[in-house]
Amino acid sequence: MELEKLLGEHVQERLATAERFAALTGAGVSAESGVATFRDPNGLWAQFRPEELASMQGFLANPERVWQWYQYRRHVIESVRPNPAHFALAQLETLVPDWTLITQNVDRLHHRAGSRRVLELHGNLEENHCSRCGTPYRQEIDADAPAPPRCPACGGLIRPSVVWFGEMLPADVLADAERAAHRAEVFFVIGTSAEVYPAAALPLMAWERGATLIEINPTATHLSTIVHAAIRQPAGVAMPALVELIAALRQR
Ligand code: NAD
Ligand code: ZN
């Protein structure tokens, strides 16, 4: 089979016997669900300046525009579904003893596909909190309201709980992700340009500790020169085949 040839014997051996697996996913894993990526030529950022839509300065300068932008993205993710790559990753979690799925995505599609252990490095689109005092905001959101609601505690503007440019990643989530990268024997890098740090450092950490690195991306990235195998296919095509192979290898 072609995939087996592509991976080679050493990688297959690791897939068959390793105990600790981890994956880092990016916007590419949701592309086939119809959620635009950021850095592709047709991606979201091609039409807007990222700082205007995804930074505290941009939000304070124009809260209505930023709020409407996130309401639009929420609408998009509600209307799409997980694709075969998300489902394959959820299945993989049940096949190996130790599994950590680290994602840069904020769309919750991994959860919707059934993944249980998901580390969201950049937060998620479902939740909101106060931009002034940080209190979580759990009241119903009026989908048609043109402006963000106000915090009942302090009157500050409510914002989506995603990590914006210039902001720190949630420290506990990042620490868990780094631990998983250090421990992993096999590390998948799926649908990410690996250009946004500190997320992009995770595959390097795993590689330094001897993990077998496997990239799934139709396009090469700067990680491509160090990975042990690169599957140049859309994740929705590659992941089901890869997970099927892993299941077969581990049954032998
Ligand atoms: P990116 O846009 O920088 O890179 C996307 C990568 O996916 C590219 O390397 C591209 O070649 C690859 N790709 C495109 N289609 C693919 C497919 N079908 N299968 C596999 N790979 C495919 O995305 P990134 O690396 O995740 O950038 C990080 C930032 O973008 C993060 O901060 C993330 O929060 C944000 N983001 C999230 C979403 C989402 O939640 N779905 C969408 C857009 C951006
Ligand atoms: Zn507040």
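These legends describe close-up views of one predicted model. Local features need pLDDT of at least 70, side-chain atom pairs count only at pLDDT 80 or more, and totals for chains, interfaces and linings use all residues. Residues are numbered from 1 along each chain as its sequence is written, chains are lettered from A and ligands numbered from 1 in the order in which they are written, and side-chain values use heavy atoms, leaving out hydrogens and water.

**View 1. Four cysteines hold the zinc ion (ligand 2).**
The protein donors are Cys130 (SG), Cys133 (SG), Cys151 (SG) and Cys154 (SG). They lie 2.2 to 2.4 Å from the zinc ion. Donors here are N, O and S atoms within 2.8 Å of the metal (3.2 Å for Na, K and Ca); water is not among the atoms, so sites may look incomplete. What is the arrangement of the four donor atoms around the zinc ion? It is tetrahedral, because the donor atoms subtend angles of 98 to 115 degrees. Four donors count as tetrahedral if all angles lie between 85 and 135 degrees. The ideal angle for four tetrahedral donors is 109.5 degrees. In sequence the donor residues follow the spacing C-x2-C-x17-C-x2-C. Cysteine 133 and cysteine 154 link distant parts of the chain, 21 residues apart. Cysteine 133 sits in the loop between β4 (123–130) and β5 (136–137). Cysteine 154 sits in the loop between β5 and β6 (158–162). Helices (H or I, at least four residues) and strands (E, at least two) are DSSP runs, numbered from the N terminus. Cysteine 133 counts as partly exposed because its relative accessibility is 40%. Cysteine 154 is also partly exposed, at 28%. Buried means under 20% relative accessible area, exposed over 50%, and partly exposed in between (1.4 Å probe, protein chains only).

**View 2. Helix α8 crosses helix α9.**
Two packed helices are described by the angle between their axes and the distance between the axes. Here α8 (residues 171–183) and α9 (residues 201–208) have axes that come within 7 Å and cross at roughly 35 degrees. Axes are lines fitted to C-alpha atoms, for helices over the stretch in contact, and angles run from 0 to 180 degrees between N-to-C directions. Is the crossing of α8 and α9 left-handed or right-handed? It is right-handed. A crossing is right-handed if the near helix is turned clockwise from the far one by less than a right angle, and left-handed if anticlockwise. From α8, the contact uses Ala177, Glu178, Ala181 and His182. From α9 come Leu202, Met205 and Ala206. Contact means heavy atoms within 4.5 Å.

**View 3. Helix α9 has buried residues.**
Which residues of α9 are buried? They are Ala201, Leu202, Pro203, Met205 and Ala206. Their cover includes β1 (20–25), β2 (98–103), α8, β7 and β8. Just after α9, glycine 210 takes a positive phi of about 95 degrees.

**View 4. The loop between β7 (186–190) and α9 holds threonine 192.**
Threonine 192 is buried, because its relative accessible area is 6%. Threonine 192 touches Leu24, Thr25, Gly26, Gln104, Asn217 and Thr221, not counting residues up to four places away in sequence. Alanine 194 lies in the loop between β7 and α9. Alanine 194 counts as buried, at 1% relative accessibility. Most residues other than glycine have a negative phi, and most peptide bonds are trans. Yet phi of alanine 194 is near 50 degrees, a positive value. Proline 198 also lies in the loop between β7 and α9. The peptide bond from tyrosine 197 to proline 198 is cis, with omega near 5 degrees.

**View 5. Arginine 108 has a positive phi.**
Its phi is about 65 degrees, although arginine 108 is not a glycine. Arginine 108 is found in the loop between β2 and α7 (109–112). Is arginine 108 buried or exposed? Arginine 108 is buried, with a relative accessible area of 16%.

**View 6. Histidine 228 lies in the loop between β8 (212–216) and β9 (229–231).**
Histidine 228 counts as partly exposed, at 37% relative accessibility. Histidine 228 touches Val11, Trp207, Ala211, Thr212 and Leu213, not counting residues up to four places away in sequence. Glutamate 4 is 224 residues away along the chain from histidine 228, and their C-alpha atoms are separated by 13 Å.

Technical notes. Four donors count as tetrahedral if all angles lie between 85 and 135 degrees; four count as square planar and six as octahedral if opposite donors are over 155 degrees apart and all others between 65 and 115; anything else is irregular.
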